[in-house]
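Work through these exercises with the structure open beside you. Try each task before reading its solution.

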Amino acid sequence: MESTTTEIDWEALEEEWGEEVDEIGSAGSRLQRVKYFLVDLSTHSLSVVGAVLLLAVVVVAVLAPLLAPYSPSEIDPGAVRAPPSAAHPFGTDSLGRDVFSRVIFGSRIALQIAVTSMGIAFLFGTVVGALGGYYGENVDAVVRTAIDTTWAFPAIIMGLALASILEPNLTTVLIAIALVFWGVFARLVRGEVLSLRELDFIKAAEAIGLSDRKIISRHLIPNAIVPAFVVVTLQMGNAIAVAASLSYLGLGVQPPTPSWGIMLSSGQQYITSAWWMSVFPGLAIVVVIMSFNFLGEGLRDTIDPKLEDKR
Amino acid sequence: MSEKLVEISDLKTTFETNSGTVEALRGINLTIDEGERVGLVGESGSGKSVTARSILQLIDSPGEIAGGTISFDGRDLVGLSSREMQRVRGRDITMIFQDPSMSLDPVYSIRNQMVEAIGHNRNIGDQRAEEIAVEYLELVDMPNPERVLSSYPHELSGGMKQRVSIAMTLGFNPDLVIADEPTTALDVTVQKKVLEIFKDVVEREDLSVLWITHNLGVVAEFCDRIAVIYAGEIVEYGTVYDIFDRPTHPYTRELLRTIPNVQRAQEELRVIEGTVPNMADPPDGCTFHPRCPDAEARCETTRPESVDGDHHEAACLVHDTQTNDRE
């Protein structure tokens, strides 16, 4: 981190240029840093594509009631499994509901699941990982075992198990996904903390009498969290895939909620006669997962200069 | 005679490793008077940093303090709970680290870090803490404290960062500062400047300092007394004049001879033959005997008595400070 930035020796500069140096300090304002970061990120063309697509999905989700021509649950008995037309751009399903409107409303569920489940996993994983890395020994042994245990279960199995214990609904899906993915963040943050705690500024924080809680929350986590940001973006795509799979298996969000996974599974049996029922929600899933991955990769390349060559 | 601030007696710190118990400190005695500056001099691996971390009770597992007492202001630090010790750190005893580029948190501005640390250790509000930060930044000769406060560590040069560390540490108003080679990572010219500033501030604030280094030149300039440490034991203790003018222990003598002398052109740099012993299996008798030019048969079997750490004394069977001082 240190080697990539330039040091400013103000005294030397001051001698050379006099008062002009005064502006240098302001070059590092927070806003400017964000700007530089965004400029850097925008050179990564795929991540721009991902960011634009995601932004579009978010806008669609927020404005769903305005954009959708019909209500997602509105039934038109006169148009069952109607092919795409001007009135129904993506056709209708076996109850005569507008697929276009349902895909639009489905984005809400998808984003809700991605953000909430990853949010929980991220918070929980970060804290647990930091505790394990900082305290080591017994605490770390428990943390490591817990991480390994969750890694041993594929997401679908975990979801199946949870859905059989709890009711299959949105909360169960969120818990299942968070349970599967927290280990990713915990492992990452734990590793970062292990190397950070050997550094002088953490030892200095100990030497000046800061409490463990302050050292972890103020100095360890903020320094360890950046790689986790990249991973959270990449994993949001996975979270949506898992949520869709659970819905597909009937273990996730329940009908009549317009979830892409449910639409996919209910359209499956008509794939030869009414392809639009499953193809459009399927495409929506693909687009969202792809955008998360593009953006995540862009973030990774921007944040980690060591990976620059691999672009 | 001034008050004794720190009195370390028979301090033993050990590390459990796969190859057995390593005695990093083998019974250290050392006193630091109020307002006194003591230099702890030794090679890499001699136990300098372990001594510092033992005083602060920051020995990480698998290390532990196996015995002895560290009396600070009349209180034994070894028995304190971790919460009580947290209060001692920073407020009473604090430490300056070797590498200034790593001793500041890269994600926070200097203002943020100084205000947090000073506020925490003085129990004062942010505004007052910032005033103190500015005051101490001026004290360490920083030209524009406001601008320094607004910058991030990577925007400062090494010398500036070390001055920030010094300002921050001294801003706590501690009684004892442990300085772990704070000038080693700096350029020679900057080193001199930082040293002068530090000396100035320490004199003004009448602080006690334990200065840890392998650089005898710096010690001569800065310290009142010197403790020479070898293989986890203090082999010689005395005033700067005792050590430089009348070195007694062969190790001290050898150490002094390694300082290059510009006046007397030497063909090659002098070194002390051999290396610091493996502390998992230290030699019997005097730990220095395998490298000692004056070693006798008894040195291989008899361990010399350790020094008290309050007057000129050498832990050596062959040489005696008494006779040496008389010469």
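**Exercise 1: a helix pair**

H12(A) passes H13(A) in a left-handed crossing (left-handed: the near helix is turned anticlockwise from the far one by less than a right angle; right-handed: clockwise). Helices (H or I, at least four residues) and strands (E, at least two) are DSSP runs, numbered from the N terminus. The model is predicted: local features need pLDDT of at least 70, side-chain atom pairs count only at pLDDT 80 or more, and totals for chains, interfaces and linings use all residues. Residues are numbered from 1 along each chain as its sequence is written, while chains are lettered from A and ligands numbered from 1 in the order in which they are written.

Task: find at what angle the axes of H12(A) and H13(A) cross, and which residues meet.

Solution.
1. Locate helix H12 (residues 260-268) and helix H13 (residues 276-303) of chain A.
2. Their axes come within 8 Å and cross at roughly 150°. Axes are lines fitted to C-alpha atoms, for helices over the stretch in contact; angles run from 0 to 180 degrees between N-to-C directions.
3. That makes H12(A) roughly antiparallel to H13(A) (over 145 degrees; under 35 is roughly parallel, 65 to 115 roughly perpendicular, the rest oblique).
4. List the contacts (C-beta atoms, placed from the backbone, within 7 Å). H12(A) brings Trp260(A), Met263(A), Leu264(A), Gly267(A) and Gln268(A). They meet Met277(A), Ser278(A), Pro281(A), Gly282(A), Ala284(A) and Ile285(A) in H13(A).
5. Sort the residues of this contact: seven are nonpolar, four polar and none charged. Ala, Val, Leu, Ile, Met, Phe, Trp, Tyr, Cys and Pro count as nonpolar; Asp, Glu, Lys and Arg as charged; the others, Gly among them, as polar.

**Exercise 2: the sheet of chain B**

Task: give the strand order and name the edge strands.

Solution.
1. Seven strands of chain B form an open, mixed sheet in the order S6-S7-S8-S3-S9-S10-S11. Strands pair if DSSP finds at least two bridges between them.
2. The edges are S6 (93-96) and S11 (313-314) of chain B, each pairing on one side only.
3. S10 (residues 233-239) of chain B pairs with S11(B) in the antiparallel sense, over two bridges.
4. Glu236(B) stands opposite Ala314(B) in S11(B).

**Exercise 3: the chain contact**

Task: which helix of chain B gives the most to the side that touches chain A?

Solution.
1. Count the contact: 32 residues of chain B and 25 residues of chain A.
2. H2 (82-88), S6, H3 (110-122) and H5 (145-150) of chain B each supply at least two residues of that side.
3. H3(B) gives the most, with three residues.

Notes: Two residues are in contact if their C-beta atoms, placed from the backbone, lie within 7 Å.
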